[in-house]
Amino acid sequence: MRFDIVTLFPAIFDGYLTQSLLEKAIQKQIVQIHRHDLRDWAADTPHRKVDDRPFGGGPGMLLQVDVTVPCVEDVQRMADKPARKILLTPQGKRFDQRMAEDFATDERLMLLCGRYEGFDQRVIDILEPEEVSIGDFVLNGGEVAAMTIIDGVVRLLPGVLGDENSNIDDSFSRGNRLLEFPQYTRPRDYRGHHVPEVLLSGNHEAIAKWRSEQSQIRTQQRRSDLLSD
Ligand code: ADE
């Protein structure tokens, strides 16, 4: 799967791309990540300007349509397969596990990261990207949101997680729309906190039943909204 990230701050992704799971997925050639600096499409002025003040007044700066649209069109042409375009914005549809599963079926995603007050509306009108938010809060830009999406999608790709780290039981994953049950490892007792007896019983049926009940209880207590969709 190929990701193209359009950003004013490509270096934000440096550490993330070279760590752990994602690095391995890149090495195994399951994932390719290409970063594109929006400033490379700026008019050739000394400041390589990409933003301007909003018409009608108001705070902040907007990313310009005449920089962003040519950038996205050029990036689109960098591979044969057209990319599904995703623009990160708090105004977008909320990202969730279903969306991650859907994105994981695509061969190519382009992630457009905003900064400042966002993009000129005509970027959206012309390019018609899907607008996606990672939650009801405002970040300083779309980069962290883009990393969140890549992280959530890449771990679903075949060959990325070993069996020992399977995602089947994950909260919200396919076939399990509940929160995950509590888990324990050694030691059995720590400061008077004991591992539940049933998990030490070797009775697989009883363990499965206990886990399912715990998932239900947790979901009811913490996220009852999940039980109604
Ligand atoms: N950019 C700023 N805030 C964001 C959010 N919550 N989700 C996606 N992109 C953003």
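Two strands count as paired if DSSP finds at least two bridges between them. With that in hand, here's a look around this predicted model.

Let's begin with strand β1, which covers residues 2-7. Five bridges tie β1 to strand β6 (residues 108-113), and the two run parallel. On the β6 side, V6 has L112 as its bridge partner. There's another neighbour too: β1 is joined by six bridges to strand β2 (residues 32-37), again in parallel. In that pairing, R2 sits opposite Q32 of β2. Here are the two pairings laid out:

| Partner of β1 | Residues | Bridges | Direction |
|---|---|---|---|
| strand β2 | residues 32-37 | six bridges | parallel |
| strand β6 | residues 108-113 | five bridges | parallel |

So is β1 mostly enclosed or open? Five of its six residues are buried, so the rest of the structure largely encloses this strand.

Now step back to the whole protein chain. It splits into domain 1, spanning 2-154, and domain 2, spanning 168-228. Taken over C-alpha atoms, the centres of domain 1 and domain 2 are 36 Å apart.

Then there's the ligand. Which residues are closest to it? Of the 13 residues that surround the ligand, the closest are L88, P90, S133, L139 and A145. Strand β5 (residues 84-94) supplies the largest share of that shell, with three residues.

Notes: Residues are numbered from 1 along each chain as its sequence is written. This is a predicted model: local features need pLDDT of at least 70, side-chain atom pairs count only at pLDDT 80 or more; totals for chains, interfaces and linings use all residues. A residue is near a molecule or strand if its C-beta atom, placed from the backbone, lies within 6 Å of it. Helices (H or I, at least four residues) and strands (E, at least two) are DSSP runs, numbered from the N terminus. Domain bounds come from an automatic or database domain assignment. A residue is buried if 20 or more other C-beta atoms lie within 10 Å of its own, exposed if 12 or fewer, and partly exposed in between; C-beta atoms are placed from the backbone.
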